[in-house]
Amino acid sequence: MKIAIASGKGGTGKTTVAVNLALSLQDAQLIDCDVEEPNCNLFLNKELDQLTEVTSMIPEIVEENCTYCKKCSDFCRFNAIATLPNKILTFPTLCHSCGGCIMVCPEGAIQEHEIVTGIIRKTSGDDKKSPELYEGLLDIGQTMASPVISELKKNIDPDKTAIIDAPPGTACPVLTTLEDVDYCILVTEPTPFGLHDLKLAVEVVRTLEIPHGIIINRSGSGDNSVEDFCMSENVEILMKIPHDTKIAQLYSEGIPFVQEMEHWKEKFIQLYSSIQDRYGREIEA
């Protein structure tokens, strides 16, 4: 199965759930798609090898051939090209590398050149005690995370369970991460902010028709509004992780709590088995 761990907002414990779930399963892959700030390896502390660079093609104007007809800038929905009376401006950080500007240019005044936007890394060696970790890392100054995420997801092994740590929010990087997943676990917190962004996340997975359920992290630290919402919207609450001092202490030390609290590993295995029985394929946990 491909199980995404997502959230409407940052700081809810999404990475905590992804890492602890992956550590509870045998022969799992952990795919860190939060490419702007990948942090799964803060808990695994493994050596990472670079697999590949991620590149994108952006337009480059051949000024002597340009007649400033504006067809390229009119075509670009992302405003990556602006036509002035006697000059063309390009904004590479807005470019989505679709190549449309080249196709509509009647003078052949636009060429493409390649830039590096990020890298893909994986754990080195063959450690059977930890999940195989792949992470993407967006280059400093780059803004387009989706191409890095798409390249990262090519490393998912269809014969393994992939636990995919999604970026926070509900924007394009999240949609790219959720594409083709079998199930989505939404992690939230029992606060007004958590509820507000949970509603957005639920709307996204419903629109994408992805089976989903909720984990409430730091349960007991807020109010009951999240549980009331789940009940009214018929959203399944898969698990509650309590507002526990020991869990918080282990987190602060970079230690996944399933490594010190064995009963939680059993709970995550049961969680996975329940999802697999209802939505997945026959993969041994």
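## Polar contacts and salt bridges between the domains

Across the interface of domain 1 and domain 2 there is one residue pair in polar contact, both residues being at pLDDT 80 or more, where a polar contact is a pair of N or O atoms within 3.5 Å, one of which, within protein, must be able to donate a hydrogen and the other to accept it, with residues adjacent in sequence counting only if both atoms are side-chain atoms. The side of domain 1 that touches domain 2 is made up, by class, of two nonpolar, three polar and one charged residues; in this classification Ala, Val, Leu, Ile, Met, Phe, Trp, Tyr, Cys and Pro are nonpolar, Asp, Glu, Lys and Arg are charged, and the others, Gly among them, are polar. Zero salt bridges are found across this interface, the rule requiring a side-chain nitrogen of Lys or Arg within 4 Å of a carboxyl oxygen of Asp or Glu.

## Basis of the model

This is a predicted model, in which local features need pLDDT of at least 70 and side-chain atom pairs count only at pLDDT 80 or more, whereas totals for chains, interfaces and linings use all residues. Residues are numbered from 1 along each chain as its sequence is written, and side-chain values use heavy atoms, with hydrogens and water left out.

## Domains and their interface

The domain assignment, which is automatic or taken from a database, divides the protein chain into domain 1 (2-46 + 127-279) and domain 2 (55-116). Their centres, taken over C-alpha atoms, are separated by 38 Å, and the contact (heavy atoms within 4.5 Å) takes six residues from domain 1 and seven residues from domain 2.

Between them the two domains bury about 440 Å², 52% of it on carbon and sulfur atoms, buried area being the accessible area (1.4 Å probe) that two parts lose on being put together, summed over both. On the side of domain 1, Asp139, Gln142 and Met144 lose the most area to domain 2, and together they account for 70% of what that side buries.

## The chain as a whole

The protein chain contains 10 helices and 11 strands, assigned as DSSP runs (H or I, at least four residues, for helices; E, at least two, for strands) and numbered from the N terminus. Its C-alpha trace spans about 70 × 45 × 35 Å along the principal axes.

## Serine 7

Serine 7 is found in the loop between β1 (2-6) and α1 (14-24). A polar atom of the serine 7 side chain lies 2.6 Å from the backbone oxygen of lysine 9.
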